[in-house]
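Please prepare a short briefing on the aromatic contacts, ring-facing charges, loop residues and surface of the structure shown below.

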Amino acid sequence: MYSIIKIINSLDEESKRAFVQWMKQKNRRGDAKNLSLFKYLKEGVTADLDIKLYGKPARNAFHALCKRLQDNLLDFIASKSFSGETSEEIGVLKLIVVGRIFYEQENYKLGYKTLKRAEKIALFIDHYSLLNEIYHTQIQYAHRLPSMNLKAVLEKSNLNMEKFNRDFKLNMAYAEIREKMKKTEFIGVIDTVVEKAFEKYEVSIDTSLSYKSLYQLMSVTSISAKLQRNYYEITPFIQKIYTIVNSRKIIKHKHLFYHIGILHIMAMVHFRNKNFEVSMKFVKKMETEMLEDNRRYFKRFTDDLLMLKVLNYNYSGDYESALRLLEKPSTSLNIDLIQIMCLFQQNKFKDAYAVLRKMNHSDVWYEKKMGWIWVLKKSIIEILLLMELDHLELVLARVNSFKQRFTKRLKDIDETRVLTFINLVLDYYNAPELVTSQKFKDKVEFAFDWKENKKEDIYVMSFYAWLKSKIEDKNLYTTTLHLVSHI
């Protein structure tokens, strides 16, 4: 039943209404219970549904009904998708089938013309697997059409097979990299993992790659940078791929999802590199594309768009706009964490802690859902919040828990400066009157391996800004903006 609820929640209101109409046409009986079940689940009613639907306990019948509703929802989503997003592929498939029928009926010229039409569409949408089918059929019946240039078809077939294999190899490399990224021990050497996967599958980057493959390549590179907190080094490579993307024609039905995803990656990369103006330009492009094709992907990217707007406003100095955007309730844990950070930077510690307290699952649960780096950030900001609220016992408990949970992991990825930071924070909390002393300043100065400002991760700088604001006795938000803008 819960999988059905997830499917229903993935639909927008228009799609839910369309599903009801679709089911009414499909149902043979006017009192079909599947629509009643759909209505209950849509409204969040889950208790005693078998009794509500059948007037008595009927678990077996209810489970069968749930399965039928889930099957119907999947059929509806699939039929809706075929009518829009994949219409070009379906059109090409139909032409291939018709072309083969003409060939089998010995109507060779008409079969050839039909396949040529299919080829034109398939080339336009970069569908290498369908092109393989077209060329395979043309070659199979080449002896029936003496006028056909077999050499030209063979050359096109070979060239297309190269493109197909290149895309397929990249897809295998992408899958292998993502699989290895799940394991903590690979984070510190992720560049090596990517390099070895590309070498293993003989992946090269050029204009022959499909739009989807270019998106996957940007995505895996961005994830690698996120795990290593090093967006600066990957920027030239990301920009190179984006230049290739810009040289390609965008087909809305075929490429829209990937194009929005690419704009999202570009906006995030520039934000993490502290290029807020450039990042916002990509945010605006992303929002424009999200409105295309009847807002097909608007809901899918809404949280990503909101997050980018909030982050860019906040770090550009317009914290009021950032907080205004965060006023609506969120179902995104990323947005909740960003809200805590924004409130924290404005010294609204009680408000920030109120949002944090709503996160009532265990860290194990959050790690499975969001990854351990997310839990790490949450834990650090929780410790700082508890210090500001002067909850002594909770501070000590959280620090001990933090060290037990993250010490080995941080050492494994050569990020011991996080542990150094926590120790310095605890030193401040134990003796705040000493924080402005030259001795403490020197201790902080020599405690870290400092990177150039332009290379340092913006979130690392944000945490350090809290300690720096204490040392200099200055406003936290002002200190943060000074650090991230001093490039």
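**Briefing on selected features**

Tyr-103 and Tyr-108 are both buried. This applies to a predicted model. In it, these two tyrosines form a tilted aromatic pair, with 6.2 Å from centre to centre and 40° between the planes. A search of the whole structure finds 24 aromatic pairs.

**A further aromatic pair and its cluster**

- The ring centres of Phe-257 and Tyr-297 are 5.4 Å apart and their planes are at 65°, so this pair is edge-to-face.
- Phe-257 belongs to helix 13 (residues 252–272), while Tyr-297 lies in the loop between helix 15 (292–295) and helix 16 (298–315); the pair therefore ties together parts that are 40 residues apart in sequence.
- Phe-257 is partly exposed, at a relative accessible area of 23%, whereas Tyr-297 is buried, at 10%.
- One aromatic cluster is formed by Tyr-215, Phe-257, Tyr-258, Tyr-297 and Phe-301.

**Charges over rings**

- Arg-300 has its charged end over the ring of Phe-301, 4.7 Å from the ring's centre.
- Lys-285 lies over the face of Phe-282, at 5.1 Å from the ring centre.

**Loop residues with positive phi**

- Asp-48 is not a glycine, yet its phi is positive, at about 50°; Asp-48 is located in the loop between helix 3 (33–42) and helix 4 (49–54).
- Asn-347, also not a glycine, has a positive phi of about 65°, and its place is the loop between helix 18 (333–345) and helix 19 (349–357).

**Nonpolar surface**

- Ile-139, Leu-150 and Leu-154 make a nonpolar surface patch of about 200 Å².
- Leu-154 is in helix 9 (residues 150–181) and is partly exposed, with a relative accessible area of 35%.

Key. Residues numbered from 1 in each chain as written. Predicted model: local features only at pLDDT ≥ 70, side-chain atom pairs only at ≥ 80, totals over all residues. Heavy atoms only, no water. Patch = residues over 30% accessible without salt bridge, like charges linked within 9 Å, V, L, I, M, F, W, Y side chains within 5 Å. Areas by Shrake-Rupley, 256 points an atom, 1.4 Å probe, with all protein chains shown as cover. Salt bridge = Lys/Arg side-chain N within 4 Å of Asp/Glu carboxyl O. Helix = DSSP H or I, 4+ residues; strand = E, 2+ residues; numbered from the N terminus. Buried < 20%, exposed > 50% of the residue type's maximum accessible area, 1.4 Å probe, protein only. Phe/Tyr/Trp six-rings, centres within 6.5 Å; stacked < 30°, edge-to-face > 60°. Lys NZ or Arg CZ within 6 Å of the ring centre and 35° of its normal.
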